[in-house]
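These are my notebook entries on one protein model with its ligands.

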Amino acid sequence: MLERRTPINVEEAIESLLKYKKTGTIETVEIEKATGRILGGNLFADHDVPLFDRSPYDGFAIRAEDTADASRENPVRMEVVSEIGAGSVYNQPIKENQAVRIMTGAPIPEGANAVVMLELVKNYEENGRVYMTINRPYKEGDNISFRGEDTKKGTILAEKGTYINPGIVALLATFGYKEVPVSRKPKVGVLATGSELLEINEPLAPGKIRNSNSYMVLSQIERAGGEGIFLGQLSDDFDLCFGHVENALQQVDFLITTGGVSVGDYDYLPDIYRKLGANVLFNKVGMRPGSVTTVAEKDGKLLFGLSGNPSACYVGFELFVRPVIRYFLNCPHLFVRSEEAVLGKDFPKPNPFTRFVRGEMTYSGGSVIAAPTGLDKSGVVSSLASANVLIVLPGGTRGYKQGMRVQVLLLDDQQGSEQFGNPFQKKESSEERMQLRE
Ligand SMILES: Nc1nc2c(c(=O)[nH]1)N[C@H]1C(S)=C(S)[C@@H](COP(=O)(O)OP(=O)(O)OC[C@H]3O[C@@H](n4cnc5c(N)ncnc54)[C@H](O)[C@@H]3O)O[C@H]1N2
Ligand code: MOO
Ligand SMILES: [Mg+2]
């Protein structure tokens with residue numbers, strides 16, 4: 001008899017699988033390899049930046065008090081007693097009416113308390129000595145970059161779990177991290193099932209399609225910060241698939257399969273979970289696409305049975321796999337970032353389940369607009385290409401009109417959201433959901 005599945009809502013589904021989340025260990029990588037990784041510890045300043053008062057200009061270090069009476073009519077003359085390039089130090093204190101020629105980045109010599117830009121002075125030689133004249137007064141501290149003005153010793157500059165962007169790399173280098181502590185990437189295995197699948201370099205044949213899901217999911221794993229491991233594509237043969245799943249579980253932190261989770265004759269994943277003795281957390285979610293997404297747990301390890309339909313597979317990954325990858329990486333915000341936008345096109349089709357519509361977010365006249373990218377069927381692959389958001393359209397009896405405010409989930413974002421949730425959606429219990437069954 002056909003198994004009846006009980007749909008649960010997305011939030012409940014996420015909650016159930018997060019019980020099996022686990023954090024990974026920390027490893028170190030060379031700084032050149034740190035971009036795109038997740039910081040494995042707090043980055044704190046162990047010294048002031050800059051470490052010494054320094055000149056922000058090429059010019060002359062002076063004592064401001066010597067310029068008190070300087071004016072166009074009464075320029076003040078100073079003797080230039082030395083010169084300091086960046087990287088050098090001038091150790092003698094400068095005295096009354098003395099100046100030191102100084103370059104950008106060089107330390108301010110003792111006694112000096114202001115810098116005059118090179119362009120603003122007259123500089124000349126007389127009897128083998130160098131002089132310059134200033135025709136306006138300066139205040140103490142003029143044109144000085146003070147010790148610690150950038151960052152004070154002891155400040156936490158980035159917290160554990162931060163995505164390493166080029167700016168973080170600059171800080172890491174500033175504080176001497178040749179080796180950078182980063183979160184180890186979880187190993188996420190990907191097994192595609194389906195007798196119709198061709199290798200992507202095979203010519204097309206009747207009834208066959210190329211396996212796009214594996215590569216799509218590997219790319220999603222990489223975007224989420226994990227290490228995808230392609231474990232092959234299998235025809236719909238129970239023993240073959242069972243053996244591969246059982247074996248794959250030994251090698252990975254999380255296992256993703258695509259296809260074979262629905263109720264077709266060759267959809268073997270439900271039987272595979274049974275034979276494995278895995279605990280199925282859910283096998284029907286009140287969402288579209290991806291309603292057949294199944295998640296099971298075996299000895300604490302999560303198995304994600306994503307749909308074979310490309311768009312359903314894609315959405316299932318972003319909603320359910322991404323949070324456990326982010327948790328493994330010690331990221332504080334596990335979920336795809338949630339923001340508000342204006343719906344750019346009518347979406348007239350009502351649906352009892354929440355829809356996650358592939359959309360493209362653009363900016364127009366100060367507004368954020370999100371419009372569906374193409375055919376919104378779960379078997380469609382083309383509408384994924386320009387999708388940078390999922391537009392969340394809560395289930396109900398009405399469609400949605402252009403101009404309505406909607407929630408969008410930002411797919412390319414690295415910051416994430418602390419909570420998964422739709423501020424517009426009233427939370428329905430599983431029982432209510434059942435009444436909404438399609
Ligand atoms: N009687 C019912 N039929 C279906 C139901 C249902 O509830 N009752 N659910 C439908 C929904 S919703 C979805 S989504 C799909 C899910 O199917 P499976 O996860 O079992 O996946 P398959 O049957 O293996 O394949 C579905 C579809 O996707 C194509 N596919 C599979 N693998 C790949 C791949 N690696 N790359 C690209 N495309 C792939 C496959 O050829 C099929 O067209 O079930 C509905 N049916
Ligand atoms: O799992 Mo399906 O994607 O709802 O069409
Ligand atoms: Mg199927």
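Which polar backbone atom lies 3.0 Å from an oxygen atom of ligand 1? I found that the backbone atom belongs to Gly 260, and I count the pair as a polar contact (N or O atoms within 3.5 Å; within protein, one must be able to donate a hydrogen and the other to accept it, and residues adjacent in sequence count only if both atoms are side-chain atoms).

Before going on, I noted that this is a predicted model, in which local features need pLDDT of at least 70 and side-chain atom pairs count only at pLDDT 80 or more, while totals for chains, interfaces and linings use all residues. Residues are numbered from 1 along each chain as its sequence is written, chains are lettered from A and ligands numbered from 1 in the order in which they are written, and side-chain values use heavy atoms, with hydrogens and water left out.

Entry on ligand 1. I looked up its surroundings and found 22 residues, the closest being Glu 196, Asn 211, Gly 260, Ser 262 and Gly 308; a residue is near a molecule if one of its heavy atoms lies within 4 Å of it. From the side chain of Glu 196, a polar atom lies 2.6 Å from an oxygen atom of the ligand, and a side-chain N or O atom of Asp 267 lies 3.1 Å from an oxygen atom of ligand 1.

I placed Asp 267 in the loop between strand 15 (254-258) and helix 5 (269-276), where helices (H or I, at least four residues) and strands (E, at least two) are DSSP runs numbered from the N terminus.

Entry on ligand 2. Around this ligand I listed Arg 288, Pro 289, Gly 290, Ser 291, Val 292, Ala 312 and Ser 378. Polar backbone atoms of Gly 290 and of Ser 291 each lie 2.7 Å from an oxygen atom of ligand 2, and a backbone N or O atom of Val 292 lies 3.1 Å from one.

Entry on single residues. Ser 307, in the loop between strand 19 and helix 6, is buried at 6% relative accessibility, where buried means under 20% relative accessible area, exposed over 50%, and partly exposed in between (1.4 Å probe, protein chains only). A polar side-chain atom of Ser 307 lies 3.0 Å from the backbone nitrogen of Asn 309. Met 287, in strand 17 (residues 287-288), is buried at 0%, whereas Asn 91 is exposed at 62%.
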